[in-house]
Every structure is written in structure tokens, then in C-alpha cells.
Amino acid sequence: MLKIRNLHALIEGKEILKGINLEVNAGEVHAIMGPNGSGKSTLAAVLAGREIFKVTEGSVEYNGKDLLDMAPENRAHEGIFLGFQYPVEIPGVSMVNFMRTALNEKRKYFDQEPIKSSDFLKIMREKKALVEIDSGLTNRSVNEGFSGGEKKRNEIFQMAMLEPELSILDETDSGLDIDALKTVAQGVNMLKNEHNATVVITHYQRLLDYIVPDFVHVLYDGRIVTSGTKELALELEEKGYDWIKEQF
Amino acid sequence: MDVATENKKISTELSDWYFSSRDRLMASSSSLINAYRPEAMEVFRELGIPDQKQENYKYTNIGKSFLMPFRKYIEPKKILFSVEDLFHCDIPDLDTEVVLLVNGWYYENQNQLQTLDNGMIIGSMAVAAQKYPDLVKEHYGKYVDFRTDGLLALNTAFAQDGTFIYVPKNAGSNQAVQIVNLLLSPEDLFVQHRNLVIVEEGAQAVVVVCDHTLSGNKFLTNAVTEVFVGANAHVEFYKVQNEHNDSQQVATTHFHQERDSHVNFNTVTLHGGLIRNNVYAKLNGKGADNNTLGLFLADQNQHVDSYTFIDHAVADCTSNQNYKGILDDKATGVFAGKILVRQEAQRTTAYQTNNNICLTDEARMKTKPILEIYADDVKCSHGATVGQLDENALFYMQSRGISCRESRLLLMYAFGHEILKKVTISPLRDRLDDLVEKRLRGELSRCNSCSLHCQ
């Protein structure tokens with residue numbers, strides 16, 4: 001599904017990604033771990049199409065297409081979803097309008113008619129129940145005045161609405177208490193199937209107790225320095241990142 | 001020629017025109033309107049057209065607007081075709097009494113002065129002054145102080161017609177009066193109408209004013225509207241400006257508010273070349289409440305200047321100003337908002353907010369709060385911002401599949417909606433929402449309600 005080869009990217013002249021290689025297949029859950037400043041969030045942003053990062057070398061192939069050549073909105077239409085570490089507040093744009101526009105833009109991309117209002121509301125109801133998001137939140141402006149936990153839950157709600165093929169969840173666990181973490185993880189697990197894949201970016205092992213990864217990668221100084229199975233995450237938890245820093 | 005000389009020349013021309021047409025002016029009008037003319041002309045000759053040395057006109061060169069050779073009339077010129085066939089300014093589901101003003105004159109093919117079942121009178125200013133001299137005399141010219149601004153003096157010297165609305169004590173309904181100001185002429189025209197709205201004690205009124213141009217000529221308008229709001233009266237006043245970009249307009253609206261009265265005033269500016277809106281509110285009775293709002297959308301070379309002056313003359317009044325602007329291309333905008341809290345106006349609450357978005361590097365916005373506070377027990381605040389669209393929000397929306405263009409539109413629409421959501425009449429709010437969205441999408445042609453399609 002996703003093939004990243006020798007990806008280099010910089011911001012304001014500073015190289016952050018220094019040759020990433022990663023392959024993700026349908027049905028898999030990958031965890032990317034690493035110390036602060038190693039390039040985890042940059043990788044997520046580059047995959048979603050954030051323009052402030054400049055790709056200087058390498059390629060990203062997504063379902064046989066050149067991902068780096070696509071506008072951010074088209075990446076979304078093709079099935080990429082980025083769960084933001086810091087979801088953005090958009091005063092005045094209602095969640096309902098936001099989601100309806102997003103779904104309809106995707107339908108337009110695939111030459112489909114706009115969704116019927118009744119169908120849309122039905123889907124909203126279903127997905128709200130699935131991720132256990134408060135109805136009150138979806139009647140408000142996007143993320144405006146939401147607590148940290150509510151914002152993260154809202155990311156998973158949007159993910160449920162958009163039904164992506166490849167979800168990249170950037171530090172979804174940060175700022176969550178244990179109950180919120182469980183709900184968010186439960187949402188991710190329920191949305192998981194053999195056709196989609198999830199990349200979980202996290203600093204701590206804690207989230208991986210609830211979202212069990214097939215593969216764990218350690219990102220350090222812009223490169224994936226080691227990969228393994230979920231046991232690697234436990235080892236990291238035990239030894240800390242200094243162990244990685246010393247080794248590489 | 002420098003600006004001062006130019007302005008002097010314009011002022012001389014206008015005063016010459018006054019003296020040469022004075023007899024006809026006087027003969028056409030009621031004596032109570034005529035009574036103001038000599039002094040107003042004298043003041044105009046002294047003050048002239050405001051230049052940019054005057055603090056209130058610092059960022060708008062209004063003199064330039066007067067340079068073109070506009071035609072001026074002191075009697076209405078016959079319009080050869082039926083306006084009804086050409087124009088409909090529809091607000092679906094809104095029960096309105098529509099009246100037309102064509103080139104500043106109360107349109108002749110409509111009842112010149114009608115009395116509704118609830119005692120409300122709507123009609124021509126000129127006719128009302130003849131028919132109800134005592135009523136008009138009590139209010140006409142009593143609120144606007146023409147000694148403060150040459151353009152107010154100019155309007156007062158030449159005032160002949162406009163719209164007159166009278167709502168008697170405790171009367172009122174939800175029915176809105178919609179005044180459609182049409183500019184339609186085969187030649188470039190200078191128009192000065194004068195309007196009077198009297199809402200007596202305990203009465204209610206909803207007024208919607210729409211400005212439109214129906215021919216491609218250059219127009220210059222210098223209009224004045226006085227609104228008397230009696231004790232406990234409630235006035236909703238909306239202005240929708242949608243003239244073409246070769247038109248220029250100075251519009252002054254003055255609210256005089258008595259005890260416990262409420263005014264919601266909202267100006268939505270969609271199109272127009274140069275627009276200067278003056279809003280004066282005098283809170284003259286305890287407990288008076290004034291909400292003055294504005295939203296303007298400007299692009300190309302449009303210039304929109306909003307000046308507000310909220311005068312807290314007595315204690316225990318509240319006022320709230322909220323203005324927003326979106327500027328694209330090389331558009332320029334100005335907001336200068338004055339709050340005066342007089343010494344006796346204790347326990348005043350007065351707020352002012354002005355937020356603007358410049359979409360390009362070339363768009364310019366000047367914003368200036370002016371607070372003069374002489375009382376010591378007051379709550380006053382002001383805030384102003386000029387910024388760009390939030391890049392993080394744009395990317396967030398794009399990452400959900402919403403195109404860049406659509407994301408920008410959603411953000412702009414959301415920004416403007418904060419003003420529109422304060423419109424209390426829902427059919428009007430829906431219509432304004434629709435107009436603003438069309439305007440943002442570039443789908444609102446300046447003549448979209450007109451079958452002439454003159455461009």
C-alpha cells in the first residue's frame with residue numbers, strides 16, 4: 001500500500017528526514033516511536049502534504065501512485081488520513097458543515113453526486129456512537145473550546161467518517177487520560193480491517209497496550225534505525241531512548 | 001492642482017449651483033426643509049469638502065469623488081421605463097413593504113404617502129413635510145449636526161426628497177419596510193437624498209435598506225438618514241450595499257435614542273467603488289442600548305471606510321460595536337470607531353471590536369479606536385486585528401479532503417458569519433448568508449436581480 005524510499009525532507013533549510021525507508025501493507029498496524037525531535041511528526045506531515053516541508057530526495061508510492069505529486073486534499077480522497085497531534089480550532093465552521101463538505105468533496109473527486117442529507121445524518125449518528133463522542137461536540141464549531149481529550153476523540157470521529165485506507169495517527173495519545181486513551185484505541189481497533197492500515201506515531205509505549213502493532217520502528221535523527229515487533233516497544237520502555245542514542 | 005485648490009474649486013461650484021437654483025429648490029420644498037438651507041450652505045462654504053487633513057477623513061480622499069462632471073437635478077428626471085419590470089430585490093419569506101427611491105427621489109409610480117392599518121406612515125419625505133409639517137418639524141434636522149461635517153451641511157442645503165417612515169406610539173409589527181435605493185440613469189449622476197424615520201415610544205420597526213445600481217454610469221451619493229427612537233422603542237435597521245464599483249457613496253445614519261430604547265444596526269457591504277459609512281448614535285436616555293455592526297467584502301480597487309461615533313450622553317446605557325472586513329486584491333479599508341462617554345454617563349458599558357482579514361499583500365486595512373471617557377464608573381473595551389487566513393486551519397481542512405479554494409471560502413464565510421448571525425430576522429439572515437457566500441465565490445454580479453445586464 002505505502003512504499004517510502006530514501007525520503008529526505010527539510011524545513012527552512014534544515015534537513016529533518018534523512019532517508020526514510022518504510023513499507024506498509026493492508027491489514028497492518030505500524031508503530032513509529034522515537035525521542036522528541038527525531039522527525040516523527042515531520043514524516044506524518046510530509047505524507048499528508050504539508051507544504052512547509054520540502055522533499056529533496058526519495059519517493060513515496062501509495063497504491064501504485066506517486067503520493068508526493070498529489071495535493072493534500074487529493075491524498076485525503078485517495079484514502080490517507082492524518083490524525084493531528086494538535087487538532088486545529090476553526091471558529092464559525094460547524095462540525096456538521098465541515099464533515100459534509102469533506103464527504104462531498106471526496107464524492108466529487110470520484111464523480112459521485114453529493115450525499116443526501118438524510119444519509120449523511122444517519123452516518124453521523126452511527127459514527128458518533130462508534131467512537132462515543134458527545135453529540136454536543138458535533139453541533140459546535142470544529143474543535144472550538146474542546147478539551148484536549150475531546151479534540152483527540154474528534155480526530156477518531158473524523159477518521160470513522162472518512163473511512164481512510166491509511167491512517168497516520170500523530171501522537172494521538174498525548175494529553176489523554178487513561179479512559180480517553182482506551183476509548184480512542186477502541187475506536188481505532190474497531191475501524192481496523194484487512195483492507196486498511198494504521199501508522200501510530202507515539203513517544204510512549206502506553207498506547208501500544210491498546211493498539212497492538214504488528215511492527216515497531218524506531219525513528220532517530222531522521223532515519224529508522226531499528227525495526228522489530230511489539231517486543232521492541234517493551235524493550236524501549238525498559239531501557240529508554242538513551243539506549244538508542246548511544247547505539248546510533 | 002493640489003488637493004486644497006481642487007476641493008476649493010468643487011466647493012465653489014457646488015455653492016454656485018446652490019445660489020443659481022435656490023429659488024427652484026425653495027419652491028419645490030416645504031418651508032421647514034427650506035428653513036435649514038441658508039445656514040447649511042453657509043457652513044458648507046466654510047467647511048467645504050472634507051480633506052485628508054481632517055482626522056475623520058484621514059484615509060479617504062473624498063474630494064476626488066467630486067471631481068467628475070456629475071449631473072445634478074433639482075427635480076426628478078423621468079425614467080422612461082418601468083422599474084418594476086426591471087427590478088425585484090427579493091427576500092423570500094420575508095413580509096416586507098417595499099418602497100423605491102430612484103436616483104434619490106421617491107418613485108412616482110407608488111403611493112406617495114400611505115398609512116398602514118397600524119397607523120404607520122410610509123412615503124416621500126417631500127410629501128410628508130407638506131402634509132405633516134408639525135410631526136416632521138419636531139424631528140427633521142434635529143439630530144444630525146451639519147456644523148461638524150461639510151458633507152452633512154451640503155446634504156442639508158440641497159435636501160429635497162427621500163423616504164419618510166413614521167411609527168406611532170406603541171405601534172409596530174414584524175413587517176419590515178424595505179427601502180430600495182436604485183440608481184438608474186443615462187448620465188453620470190450626483191444624488192443626495194434625505195431620510196427620516198420616527199419610531200415613537202414603545203413602537204417597533206424593522207427597516208431594510210438596499211442600495212443598487214441599475215445602469216453602468218458613474219454615481220455619487222451623499223445621503224443622510226435621521227432615526228428617532230423613542231423611549232422603549234425597538235428598531236432593527238439593516239443596510240445592504242450592492243452598487244457597482246464605479247459608484248461612490250457617503251451615507252450617514254444617525255440614531256437618536258431615548259430611555260430604554262434598543263437599536264440593532266447592521267451594514268453589509270458587498271460591492272461599491274468607494275464607500276464611506278458614517279454611523280452616529282446618541283444615547284440620550286437611561287437604559288438605551290445600541291448594537292452597531294458591519295461586514296464588508298472588498299476586492300479589486302474598492303475602498304470601504306466605516307466611521308462610527310457612539311455618544312453616551314447619559315448614565316446606564318450600553319453599546320456594542322462589531323465590524324469585520326475581508327479585503328482581497330488591492331482593496332483598502334478603514335475603520336475608525338469613536339466612543340464618547342460624557343461626564344454624567346456613569347455606569348456606561350461600551351464595547352468595540354474590529355477584525356479584518358487581508359487576503360493579499362497589497363490589500364490594506366487601517367483601524368483606529370477613539371475612546372474619550374470623562375466618567376469614572378464605566379466598562380469600556382476595544383480591540384482590533386488585521387490578519388490573514390489561518391494557515392493551520394487551511395491545511396487541517398485540506399487534509400480532510402476539502403480543496404484549498406473551498407477551505408478558504410469556508411474560513412472567510414465563517415469569519416463573516418459572526419456578523420450575519422446577529423441578524424434577528426431569519427429570512428433576512430438566510431438571504432444575507434446567501435448573498436455573502438455568492439459574493440465570496442465571485443458569483444454575485446452587481447446586477448444579479450436586474451434583467452438589463454448592463455455591464
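Arg147(B) and Glu39(B) pair up in a salt bridge, with their closest N and O atoms 3.1 Å apart (a salt bridge being a side-chain nitrogen of Lys or Arg within 4 Å of a carboxyl oxygen of Asp or Glu). The two partners come from distant parts of the chain, 108 residues apart: Arg147(B) from the loop between H6 and H7 of chain B, Glu39(B) from helix H3 of chain B. Helices here are DSSP runs of H or I with at least four residues, strands are runs of E with at least two, and both are numbered from the N terminus. Arg147(B) is partly exposed at 46% relative accessible area, and Glu39(B) is partly exposed too, at 38%; buried means under 20%, exposed over 50% and partly exposed in between, with a 1.4 Å probe and protein chains only. Asp145(B) joins Glu39(B) and Arg147(B) in a network of salt bridges.

This is a predicted model, in which local features need pLDDT of at least 70, side-chain atom pairs count only at pLDDT 80 or more, and totals for chains, interfaces and linings use all residues. Residues are numbered from 1 along each chain as its sequence is written, chains are lettered from A and ligands numbered from 1 in the order written, and side-chain values use heavy atoms, leaving out hydrogens and water.

Over all chains, the search turns up 31 salt bridges. Among them is Glu187(B) with Arg71(B), at 3.4 Å from N to O. Glu187(B) sits in the loop between strands S6 and S7 of chain B and Arg71(B) in the loop between H3 and H4, so this bridge ties together parts 116 residues apart in sequence. Glu187(B) is buried at 18%, whereas Arg71(B) is partly exposed at 40%.

On to the rings. Tyr36(B) and Tyr140(B) have ring centres 5.4 Å apart and planes at 70°, so they meet edge-to-face. They are 104 residues apart, Tyr36(B) in the loop between H2 and H3 and Tyr140(B) in the loop between H6 and H7. Both are buried. Tyr140(B) also has the charged end of Arg194(B) over its ring, 4.8 Å from the centre (NZ of Lys or CZ of Arg within 6 Å of the ring centre and within 35 degrees of the ring normal). Elsewhere, ring pairs link Phe84(A), Phe98(A), Phe395(B) and Tyr396(B) into a cluster.

Notes: Rings of Phe, Tyr and Trp (its six-membered ring) pair if their centres lie within 6.5 Å; planes under 30 degrees apart count as stacked, over 60 as edge-to-face and the rest as tilted.
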